[in-house]
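Thanks for coming. I will go through one structure today, starting with the whole chain and ending with a single residue.

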Amino acid sequence: MNKREFIKKSSVGALGIMLAPSILKGSMNKERLRTAHIGVGNMGGEDLKAISSHAAVDVVALCDVDAVNLAAAHKLHPKARIFFDYRAMLEEMGHEIDAVIVSTPDHTHAPASMMAMEMNKPVYCQKPLTHYVSESRAMKKMAADKGLVTQMGIQVHSFYDYKLATLLIQSGIIGKVHTVHAWSPKNWGYDGPLPQGEDPVPTQLDWNLWLGTSKERPYKDGMYHPGNWRKLMDYGCGTLGDMGVHIFDTPYNALQLDVPRTITTECRPSNGFGYPEHNTVTYEFPQTPYTTETLKWVWYDGPGAPALSEDLLLPGMTMGKDGKVSKEESMKDKMSLDAKVAAENELPDQGAMFVGEKGRLLLPHFMQLPKKIRKGKYVDISKEIAKVSAANNLGEPIRNYETEGPKHYHQFVDACLGKGETTAPFDYAARLTETILLGTIAGRFPGETLHWDAEAAKFKEEKANQYLAGDYRKF
């Protein structure tokens, strides 16, 4: 498809309806923010809902490669113009757009965001920030060079419990931290056979645009779109990229970490197509003001995660000889994605454990208070919580995702309008994402320790460097 054809196709829109162009006169009104949304299905729909709930936002453009997604979004925002191709949207409407929200599969995060930033547009991009390490560094640099407002979509970053845990750790509540354990039983991996043959592309889907800069591949029903791309190396970042970003965020931020020195992943041999369904990733980080000389960080994912150790034992919990909790749990319970409150002798389904010189701090994911453990017993830290909450104006915890979730998005809108700053800008998000991506690369070399040279942006092990960047297809 040539440029004229894709502009024509995108302008007419996925619904086959010709929309009159929006004519917004004058320069940017500092009291209003005109947003364009790239990817409006699933999480993109949630992003659209949260951004547009800000009273100062006008949604002026919607883009998706799936006509069904686009139709649903356009029904909510009938004044917005619709597009299949984000390049056409940005070229045609650049002067009418104040900020861009990118909510596509991971492999399109950087191409879409970079084009928007080249046009000096603030960008809100879903997590993980990019698909390749080279892209994270490029986005960080461009945002800094242009002085753009940016935010990565880790909305729990702005929640009470995570801000509280950060302050508690930095107050020294468990002393300097030497180990972090983090886990999720989610399964965004694929150990099955490689797909064979091809299926007809659904009429509502532009497969070429969905593939974007990734290599050309036949369409297979149920393998890629709408959600399973997360499991696959060419498009997603596995469970580590999906949930690891959220769960890493607070310990990473609290301990003021940069990128790791070494990374070792235990998993099945790589098949070059799908991420392993079970992974244990061990990082070693250099010292910060809040850690001991070396920090060890262990991530566990997949059904049954985490593997238990002394560091993860809770008061009232016993561990059998096989290393498993003696309490019987069904696989359905372990695979549950609900943020249910665990009993005091049960690990939360997802969460993190800080291990320090003066005890441990358990941080469930999400909307639950952190708990301190010392010498096998829970310690009352209500006074410490009250003290840091008052000193930092945290207010009272609100256990309502519908009201709390949009705050991270609204923070971005306010920053675009000159009212405050974002807390997950690309300067921070790029380092966090780089850490995540180094773990996915290590999964291609199970059991081998990779050594990362942050200054040179390459591994000591030359064979791993080929996975730091990708070859962009022209589409």
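The protein has 14 helices and 16 strands. Please keep in mind that this is a predicted model.

A few overall values first. The protein has 475 residues, and 57% of them count as buried. Its exposed surface comes to about 20600 Å², with carbon and sulfur atoms supplying 52% of that area. As for contacts in the protein with a separation of 6 or more, 72% of them are between residues 24 or more positions apart.

Now to helix 5, residues 109-118. The buried residues are His109, Ala110, Pro111, Ala112, Ser113, Met114, Met115, Ala116 and Met117. Just after helix 5 comes Asn120, which has a positive phi of about 65 degrees.

The last stop is Pro218. Where is Pro218 found? It sits in the loop between helix 8, residues 207-211, and helix 9, residues 238-254. Pro218 is partly exposed: its relative accessible area is 41%, which falls between the 20% limit for buried and the 50% limit for exposed.

Which residues does Pro218 touch, leaving aside those up to four places away in sequence? They are Gly197, Glu198, Trp207 and Tyr224. There is also a distance to report for another proline, Pro195. Pro195 and Pro218 are 23 residues apart along the chain, and their C-alpha atoms are separated by 9.5 Å.

That is where I will stop.

Definitions and conventions: Residues are numbered from 1 along each chain as its sequence is written. This is a predicted model: local features need pLDDT of at least 70, side-chain atom pairs count only at pLDDT 80 or more; totals for chains, interfaces and linings use all residues. Side-chain values use heavy atoms; hydrogens and water are left out. Helices (H or I, at least four residues) and strands (E, at least two) are DSSP runs, numbered from the N terminus. Buried means under 20% relative accessible area, exposed over 50%, partly exposed in between (1.4 Å probe, protein chains only). Contact means heavy atoms within 4.5 Å. Accessible areas come from the Shrake-Rupley method with a 1.4 Å probe; for residues, only the protein chains shown count as cover.
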